[in-house]
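Please walk me through this structure, one part after another.

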Amino acid sequence: MRTPRSRHAIGSPLPRPFVLVVAAVLAVFGMWAASGTAPAAATPTQATAGARPDFRLPFACGETWQLQTYQGHAPDDKKLDMYRVGGQTLGASVVASAAGTVTEFFEPGGLEINHGGGWFSVYLHLDRIDVRLGQQVSSGAPLGRLGLVGTTSAHLHYEQLYDTNGDDDGETDEMVHPVLQGTEYRLSPSGPFPRVTSTNACGGNPVPERFWVDTFADAPGYAAVDCVGDTSPRCAV
């Protein structure tokens with residue numbers, strides 16, 4: 001809130017001729033100073049992008065997926081649709097392509113991760129989301145399961161965004177050409193459509209496989225998504 005400030009006269013007003021002389025002297029002095037060695041005003045510089053995260057294919061280590069786009073994807077060369085090669089797309093587990101924080105859920109079956117430094121990634125068409133808002137995830141951490149939410153053909157819709165306006169959010173008009181595993185992709189609806197094998201979380205810590213079992217007997221349950229081998233309080237039965 002702005003507080004209005006009043007203007008107060010201090011002392012008696014000066015004679016007009018004296019005021020004019022003083023003004024002329026100050027103007028001449030100002031011209032001399034401008035032509036001298038006075039430092040120039042700093043020029044604002046455009047903020048530079050933070051280092052792009054090491055984005056990996058958002059699927060388990062060793063899985064191969066085909067990257068596609070189509071006419072009208074808008075923009076066709078920045079949005080990726082991913083289909084499993086040599087396996088089932090429907091029901092596949094989607095994982096974080098880089099470490100970050102889950103910041104948003106939206107339709108159809110979508111979520112957004114903030115990776116820091118202005119970078120975001122977006123995942124669509126999940127019929128089950130296994131993370132919560134504000135949750136920090138590592139690269140390769142399970143996010144959810146691919147379904148038919150908002151589509152008749154199972155696939156993962158994936159985007160990378162950089163926050164150019166500084167509002168700490170990734171918007172559609174801030175989408176960039178995605179880089180996965182060190183390769184930038186600018187696909188065309190006419191192809192070719194590359195096949196990429198995931199190197200996500202391949203460093204000796206593979207994403208554990210999970211199974212869902214119906215039972216009529218009492219069984220332990222866990223609040224967290226993945227508690228295999230984890231004895232921390234978050235994984236209490």
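Arg128 is buried, at a relative accessible area of 19%. Buried here means under 20% relative accessible area, exposed means over 50%, and partly exposed lies in between (1.4 Å probe, protein chains only). The side chain of Arg128 meets that of Asp130 in a salt bridge, 2.8 Å from N to O. Asp130 also counts as buried, with 11% relative accessibility. A salt bridge is a side-chain nitrogen of Lys or Arg within 4 Å of a carboxyl oxygen of Asp or Glu.

A word on the model itself. It is predicted, so local features need pLDDT of at least 70 and side-chain atom pairs count only at pLDDT 80 or more, while totals for chains, interfaces and linings use all residues. Residues are numbered from 1 along each chain as its sequence is written, and side-chain values use heavy atoms, with hydrogens and water left out.

How many salt bridges does a search of the whole structure find? It finds five. One of the five joins Glu63 and Arg84, at 3.9 Å from N to O. Glu63 sits in the loop between helix H1 (16-35) and E1, and Arg84 sits in strand E2, so the pair ties together parts that are 21 residues apart in sequence. Helices (H or I, at least four residues) and strands (E, at least two) are DSSP runs, numbered from the N terminus. Glu63 is buried, at 18% relative accessible area. Arg84 is partly exposed, at 26%. Asp54 forms a salt bridge with Arg56, and their closest N and O atoms are 2.8 Å apart. Asp54 is partly exposed, with a relative accessible area of 49%. Arg56 is partly exposed too, at 23%.

Now the strands. Strands of a sheet pair through backbone hydrogen bonds, either parallel or antiparallel. Two strands count as paired if DSSP finds at least two bridges between them. E1 and E2 pair in the antiparallel sense over five bridges. Gln66 stands opposite Tyr83 in E2. E2 also pairs with E10, again antiparallel, over three bridges. There, Asp81 has His157 in E10 as its bridge partner.

Is Gly86 buried or exposed? Gly86 is exposed, at a relative accessible area of 81%. Its C-alpha atom is separated by 8.6 Å from that of Trp65, 21 residues apart along the chain.

E3 belongs to an open sheet of three strands. The order is E3-E9-E7, and the pairing is antiparallel. E3 and strand E7 (126-129) are the edge strands, each pairing on one side only. E3 and E9 share three bridges in the antiparallel sense. Val94 stands opposite Gly144 in E9.

Last, the interior. In soluble globular proteins, nonpolar side chains tend to be buried together. A nonpolar core is a set of buried Ala, Val, Leu, Ile, Met, Phe, Trp, Tyr and Cys residues joined through side-chain atoms within 4.5 Å. The largest one has 30 residues, and those with the most contacts inside it are Leu67, Met82, Tyr123, Leu143, Leu156 and Leu180. Strands that each supply at least two residues of this core include E1 (64-68), E2 (80-85), E9 (142-146) and E10 (156-162). E10 gives the most, with three residues. Apart from this core lies another, of five residues, among them Phe120, Val122, Leu161 and Met175.
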